[in-house]
Amino acid sequence: MIIARKTTRDLNEAEDVNAVELSGIHIAFPLQGGGTYEAVGETNLVVSDREFVAIVGPTGCGKSTLLNATAGLLKPAQGQVRTFAKPLSGLNKHAGYLFQQDSLMPWKTAIDNVAIGLEVAGTPRRDALEQARVWLGKVGLAAFADRYPHMLSGGQRKRVGLAQVLIRHPKILLMDEPFGPLDAQTRLIMGDLLLDLWSADRKAVMFVTHDLDEAIGLADRVIIMSAGPSSRIIGNYTIPLARPRNMADIKSEPQFHDVHREIWNALKEEVLKGYRQSEEVRP
Amino acid sequence: MNRLTLISLQILVAVVTLVFWHIASTTTLIGNPKTISFFFAEPLAVGKRMVQWFMEGSIWYHLGITLTEAALAFIIGSLGGVIIGFWFARKPLLAAVFDPYVKAANALPRVVLAPIFALWLGLGIWSKVALGVTLVFFIVFFNVYQGVKEVSPAVLSNARMLGMNERQLLRHVYMPSALSWMFSSLHTSVGFAVVGAVVGEYLGSAAGLGYLIHEAESVFDVTGVFAGMFVLMGFVILVDWLVTLVENRLLVWRPRTSVISSR
């Protein structure tokens, strides 16, 4: 049994301080005709500092909702969000959030979009731009600094978004299907880029995706959520694959297949049920 | 079709129209030239009148007055529209309370206000400016209001997560979004500023292009009316061209395809 084994992480000096602790979280939305819709029911999740956690689940199961609660954009109906041992109030200042939708400011150039996070924190513009240039280089867009978002491809926009978030050095990185709209090839490249940047200073990551391959390839731990309403965590798997990893190569390793098969066998029913449900709900 | 052919064809349309107009008003080919030229004037006489105006220099004074009125109407109306639009968009209760009154005020055809403004503000430029302001204000107001309301929620959440406070959100998110909506209606609002000025002059004044046309009309000087119309047309085209230049500069971040060049 590869999967059931507990992780022995070699880089955990701050073992006792968890980056994120969701305890007894319920998230509900008011419905238009009165009453409430419970998107997420009774959920407990702990993400250690420097840990990469992927959250997988069918469409519409409340994965994004969980991230929004962690970010402080959404207040859970019940339960508590703690971040670095402190209860969260307001926005989570430790968190950087890469959204699923296009969220760059379309009226700012790539470099201005990257620099803005520093500027609003009081860094002089010149320094902010200098650092932004470095970060654009890290995501491979040094030559595109003066382009506006509409002049960039979908993948390039995501890279700018990544630089925009990482330049502030957040201790927690929240990513909501960040590579969702991209084609398969670009997803692999973006995955490798993310792993590269992450391994430099290992932040805690919560990475939401519906792609099990992507989750296994990237993460230390894969969390599986059930279909909504009142979706909850139904699986928690440690991924024993060695780092550094390469997104394209890792898929040909036998260990990857073992892990994949095991998770898939355990969850096939639930996941398929979820997809069926979300198909039915869809107009 | 290449550019040269297009321009040649465009010029051809003007030439054919002018020649037809000239023939109709000077020969018996279509009807009695006296009658036709009484109602439609003669192109050569119209041209001569325009040349005369510009040679004498009297037209510059009238153009200057109309331009001043339109510019003031545009500036005051835009400022008011931006401020009130912002204020309403950020205070939904206020917007809800005033909603029927804003709609009612906007429903009123502005021309009927001209006599009241003349009464209040006299026959000088300010009654014309006021008329232009009532036209420009609502266009800018609605666009700014919409611009603030329609900021993409993803962009807004992202800006918040990047650490912006309310003031920074206003400056980096709401303001650019609102201004982009305002600039995209720049042609319309500038056009209405000119309309306000000219209509105001037409209804009662002592200077400006509207006054010039009205004066000519009151003595059945059709040549003067047409000459005034052509000068006005040229003036508006020039202003419109300047607006396009400004717009291209300000909205450089927008995809080219979404810039609508027609009015």
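Colleague: What share of the contacts in chain A with a separation of 6 or more comes from residues 24 or more positions apart?
Modeller: In this predicted model, such residues account for 71% of those contacts in chain A. A pair counts as in contact if the C-beta atoms lie within 7 Å.

Colleague: Why is chain A called as compact as a globular protein of its length?
Modeller: Start with the make-up: eight helices and 10 strands. The radius of gyration of chain A is 19 Å, and the globule rule gives 19 Å for 283 residues, so chain A is as compact as a globular protein of that length. Along the principal axes, its C-alpha atoms fill a box of roughly 50 × 50 × 45 Å.

Colleague: What makes a residue of chain A buried, and what percentage is buried?
Modeller: A buried residue has 20 or more other C-beta atoms within 10 Å of its own. In chain A, 43% of the 283 residues are buried.

Colleague: Now chain B. Why are H11(B) and H12(B) called roughly antiparallel?
Modeller: Helix H11 (residues 209-218) and helix H12 (residues 222-250) of chain B pack at about 165°. Angles over 145 degrees count as roughly antiparallel. H11(B) and H12(B) are therefore roughly antiparallel. Their axes are 8 Å apart. Residues making the contact include B:Leu212 and B:Ile213 of H11(B), and B:Val225 and B:Phe235 of H12(B).

Colleague: Which way does H11(B) cross H12(B), left-handed or right-handed?
Modeller: The crossing is left-handed.

Colleague: What does UniProt list for residues 63-243 of chain B?
Modeller: An unreviewed entry there gives "domain: ABC transmembrane type-1". In the model, that span is 86% helix and 0% strand. Its end C-alpha atoms lie 18 Å apart.

Methods
Residues are numbered from 1 along each chain as its sequence is written. Chains are lettered from A and ligands numbered from 1 in the order in which they are written. This is a predicted model: local features need pLDDT of at least 70, side-chain atom pairs count only at pLDDT 80 or more; totals for chains, interfaces and linings use all residues. UniProt positions are given in the numbering used here, feature names are shortened, and annotations may be inferred rather than shown by experiment. Helices (H or I, at least four residues) and strands (E, at least two) are DSSP runs, numbered from the N terminus. The radius of gyration is taken over C-alpha atoms; the globule rule is 2.2 Å times the number of residues to the power 0.38. A residue is buried if 20 or more other C-beta atoms lie within 10 Å of its own, exposed if 12 or fewer, and partly exposed in between; C-beta atoms are placed from the backbone. Two residues are in contact if their C-beta atoms, placed from the backbone, lie within 7 Å. Axes are lines fitted to C-alpha atoms, for helices over the stretch in contact, and angles run from 0 to 180 degrees between N-to-C directions. Angles under 35 degrees count as roughly parallel, over 145 as roughly antiparallel, 65 to 115 as roughly perpendicular and the rest as oblique. A crossing is left-handed if the near helix is turned anticlockwise from the far one by less than a right angle, and right-handed if clockwise.
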